[in-house]
Amino acid sequence: MKTICLYFEIHQITHLKRYRFFDIGTDHYYYDDYENERSISEIAEKSYMPALNALLEMIHQSNKYFKVAFSLSGVGMEQLEMHAPQVLEKLQELNATGCVEFLAEPYSHGLASLVNEDSFAKEVKRQASKIKEYFGKEPTVLRNSSLIYSDDIGLQASQMGFEGMLTEGAKHVLGWKSPHYVYHCPIAPNLKLLLRDIRLSDDISLRFNNSSWDGYPLFADTYINEIAALPQEEQIINIFMELSALGIAQPLSSNILEFFKALPECARQKGITFSTPSEICKKMKSVGELNVPDTLSWVDEERDVSTWLGNPMQREAFNKLYSVADRVRIANDPRINQDWDYLQASNNFRFMTTKPSNVGLDRGIYSSPFDAFTNYMNILGDFLNRVNSLHPEMDNEQLDNYMTSVTNMEEEIEMKDKEITRLQAKLDKIEKEVEKLREAQKPAKTATKKAATKKAAAKTAAKPAAKKTTDK
């Protein structure tokens with residue numbers, strides 16, 4: 001039986017302000033607050049809220065036949081907390097249906113997986129904790145920023161305890177293979193891989209409102225019929241996109257939400273179900289390994305990381321930023337940590353790209369890739385000075401020794417936290433058992449009390465009778 005795995009990404013750019021060379025050392029605040037509030041308020045109104053309301057309606061009207069997954073970057077959640085909390089509340093309402101899954105991803109929506117394993121692991125862990133805080137369950141499936149993946153990243157994901165990972169069904173990786181199966185990482189066989197169907201995903205997210213496209217107009221029954229016509233053995237259809245595709249990339253006037261609302265019933269008629277990523281990872285076996293020695297992503301025709309690291313400007317900015325990754329971790333300063341999250345976001349590097357793209361790129365305040373590079377490097381210069389003032393540069397041996405101590409301390413704290421959690425769970429269990437015993441004893445106590453009361457009443461009633469008899 002065929003099943004559709006539908007997944008949406010929610011990430012919000014934290015816009016940097018215009019920052020001059022002469023601001024270095026005097027201004028440590030890097031963000032355009034007005035643009036951040038304006039942009040997220042607009043996307044919440046035009047996309048997130050209408051789309052989430054439609055998805056909730058689909059779940060209810062299909063009697064929970066429809067299922068969907070989301071991943072939210074930590075920095076995106078922070079922006080929503082400040083400027084559009086109604087989006088998080090709506091996601092919690094969706095979560096309460098039991099038909100929604102939330103995935104793990106790097107907190108900053110950054111590129112740490114390409115350069116620093118410790119930073120990547122800590123980011124994913126922080127985001128997973130935030131997801132659990134909001135939605136009550138820790139993610140078991142990982143989705144890296146922009147579906148970035150390689151065999152080495154898969155190995156780390158497996159070591160972090162994830163059972164599955166989402167990535168791109170790129171032709172240069174698949175070859176003759178189909179994206180409609182579950183695969184696994186060759187160096188971590190326990191990690192299952194779900195591959196995005198590029199064409200079926202982009203038909204909705206990129207082409208739906210394009211009147212010059214030969215598939216226009218696209219109707220729900222046509223779309224589902226195309227899925228049903230796939231070979232019988234191809235059972236997993238992964239449709240992944242940004243949530244902003246519904247309302248921004250494809251305006252609401254295109255009837256994109258009406259198209260989505262019709263999908264569950266059209267799918268039901270063809271015997272096609274909906275599944276979340278973790279359900280597929282649990283139910284479906286891998287058909288074989290997928291070798292990905294070089295990093296891939298879901299961006300541009302090359303499906304690699306060149307959109308972020310394809311030119312010397314991007315690589316210089318990237319290398320300078322991550323040159324202080326370990327010292328940021330050692331310093332552990334709240335303000336530095338927050339700036340570190342926002343400066344890592346992958347869009348900062350994408351604004352510097354010189355590549356042509358089939359997806360429109362809005363550079364915001366920047367007039368060119370070089371303008372984006374100059375502004376970012378000015379901010380980065382100030383940030384590096386602040387990091388150096390908190391924790392001066394060390395040679396490699398000193399840094400390695402220090403990092404070993406920090407890692408050991410963090411592991412010890414983590415073990416203690418786990419022990420505290422275990423003991424708390426044990427205490428909660430004992431308290432529940434005690435409460436059960438109390439509840440079980442209540443009827444017996446009530447019966448004993450009633451019997452005692454009845455006996456006392458009988459005794460009281462007998463006393464006058466005995467006295468009367470004596471008087472006679």
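This report describes helix packing, salt bridges and local backbone features in a predicted model.

## Packing of helix 1 and helix 3

Two packed helices are described by the angle between their axes and the distance between the axes. For helix 1 (residues 33–61) and helix 3 (residues 85–95), the angle is about 10 degrees and the axes are 10 Å apart. Helix 1 is therefore roughly parallel to helix 3, since angles under 35 degrees count as such.

On the side of helix 1, the contact is made by Ala44, Tyr48, Met49, Leu52, Asn53, Leu55, Leu56 and Ile59. These residues meet Gln86, Val87, Lys90, Leu91, Glu93 and Leu94 of helix 3. By residue class, the contact of helix 1 with helix 3 comprises 10 nonpolar, two polar and two charged residues.

## Helix 7, helix 8 and the buried side of helix 8

Helix 7 (198–205) and helix 8 (residues 220–228) form another packed pair, with an angle of about 175 degrees and axes 12 Å apart. This angle makes helix 7 roughly antiparallel to helix 8, because values over 145 degrees fall in that class. Arg199, Leu200, Ser201 and Ile204 in helix 7 are in contact with Tyr223, Glu226 and Ile227 in helix 8. The residues of this contact divide into four nonpolar, one polar and two charged.

Within helix 8, the buried residues are Ala220, Tyr223, Ile224 and Ile227. They span an arc of only 90 degrees around the axis, which places them on the same side of helix 8. An α-helix has 3.6 residues a turn, so residues three or four places apart point the same way. The buried residues of helix 8 pack against strand 1 (3–10), helix 7, strand 8 (236–242) and helix 9 (256–269). Two of the residues named as buried, Tyr223 and Ile227, also take part in the contact with helix 7.

## Salt bridges between separate elements

Side chains of opposite charge can pair when their charged atoms come close. With a cut-off of 4 Å between a side-chain nitrogen and a carboxyl oxygen, the model contains 27 salt bridges.

One of these salt bridges joins Asp371 to Arg18, with the closest N and O atoms 2.8 Å apart. Asp371 belongs to helix 16 (residues 369–390) and Arg18 to the loop between strand 1 and helix 1, so the pair ties together parts that are 353 residues apart in sequence. Asp371 is buried, at a relative accessible area of 16%, whereas Arg18 is partly exposed at 32% relative accessibility.

Another salt bridge is formed by Glu57 and Lys261, whose closest N and O atoms are 3.6 Å apart. Glu57 lies in helix 1 and Lys261 in helix 9, so this pair ties together parts that are 204 residues apart in sequence. Both partners are partly exposed: Glu57 has a relative accessibility of 29%, and Lys261 has one of 34%.

Arg207 is partly exposed at 23% relative accessibility, while Asp203 is buried at a relative accessible area of 5%.

## Local backbone features

The peptide bond from Tyr216 to Pro217 is cis, its omega being near -10 degrees.

Which phi value does His109 have? The phi of His109 is positive, at about 60 degrees, although this residue is not a glycine. His109 is placed in the loop between strand 3 (100–103) and helix 4 (117–135), and it is buried with a relative accessible area of 4%.

Arg303 likewise has a positive phi, near 55 degrees, in a residue other than glycine. Its position is in the loop between helix 10 (277–283) and helix 11 (306–309). At 10% relative accessibility, Arg303 counts as buried, the threshold for that class being under 20%.

Methods
Residues numbered from 1 in each chain as written. Predicted model: local features only at pLDDT ≥ 70, side-chain atom pairs only at ≥ 80, totals over all residues. Heavy atoms only, no water. Axes fitted to C-alpha atoms, helices over the stretch in contact; angles between N-to-C directions. Helix = DSSP H or I, 4+ residues; strand = E, 2+ residues; numbered from the N terminus. Parallel < 35°, antiparallel > 145°, perpendicular 65-115°, else oblique. Contact = heavy atoms within 4.5 Å. Nonpolar A, V, L, I, M, F, W, Y, C, P; charged D, E, K, R; others polar. Buried < 20%, exposed > 50% of the residue type's maximum accessible area, 1.4 Å probe, protein only. Arc of directions from axis to C-beta.
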